[in-house]
Amino acid sequence: MIHLLWVLAHALNLALPWEYVTVCQWMTWLPSLFMTVSFFGIVKIANNLENPFGFDDDDIPVWDIAKDLDDEIALMMFYSALDEVGGENLYRGLASLDHIHA
């Protein structure tokens, strides 16, 4: 898919400026520049999105997300176990022992 997009970008960058000459005349370079930067920017973005779960700097950090998800699931399991013996308020009451020392 990336190669097809690359060929399309080159074909349009070679063909479309000739169409702009009739409209823009000497200012043809401006829409041609904008079009070239846009097309090759799209090609670069498509190249980066081709493999989002790799080990490059701009890839999605799958291992960090998995670790955070594991921590959240462990916390939910801990709170569900507390619900069986008295709930979160019992835990918070036992965790803050300031009222005992005062």
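Let's start at L33: L33 is partly exposed, at a relative accessible area of 49%. On this scale, buried is under 20% relative accessible area, exposed is over 50%, and partly exposed lies in between, with a 1.4 Å probe and protein chains only. L33 sits in helix α2.

Before going on, the ground rules. This is a predicted model, where local features need pLDDT of at least 70, side-chain atom pairs count only at pLDDT 80 or more, and totals for chains, interfaces and linings use all residues. Residues are numbered from 1 along each chain as its sequence is written, and side-chain values use heavy atoms, with hydrogens and water left out.

Now the fold. The protein chain has 5 helices and 0 strands. From the N terminus, the order is α-α-α-α-α. Those elements are DSSP runs numbered from the N terminus: helices are H or I with at least four residues, strands are E with at least two.

What share of the 102 residues counts as buried? The figure is 11%. The accessible surface is about 8,800 Å², and carbon and sulfur atoms hold 69% of that. Areas come from Shrake-Rupley with a 1.4 Å probe; for residues, only the protein chains shown count as cover.

Next, two buried residues. T28 is in the loop between α1 (2–24) and α2 (29–49). T28 is buried, at 9% relative accessible area. Leaving out residues up to four places away in sequence, T28 touches P17, Y20 and V21. Contact here means heavy atoms within 4.5 Å.

S32 is in helix α2. S32 counts as buried too, at 13% relative accessibility.

Last, charges. How many salt bridges does the structure hold? The count is 1. D71 pairs with K67, with the closest N and O atoms 3.2 Å apart. A salt bridge needs a side-chain nitrogen of Lys or Arg within 4 Å of a carboxyl oxygen of Asp or Glu. Both D71 and K67 lie in helix α3 (residues 62–85), 4 residues apart, about one turn of the helix. D71 is partly exposed, at 38% relative accessibility.
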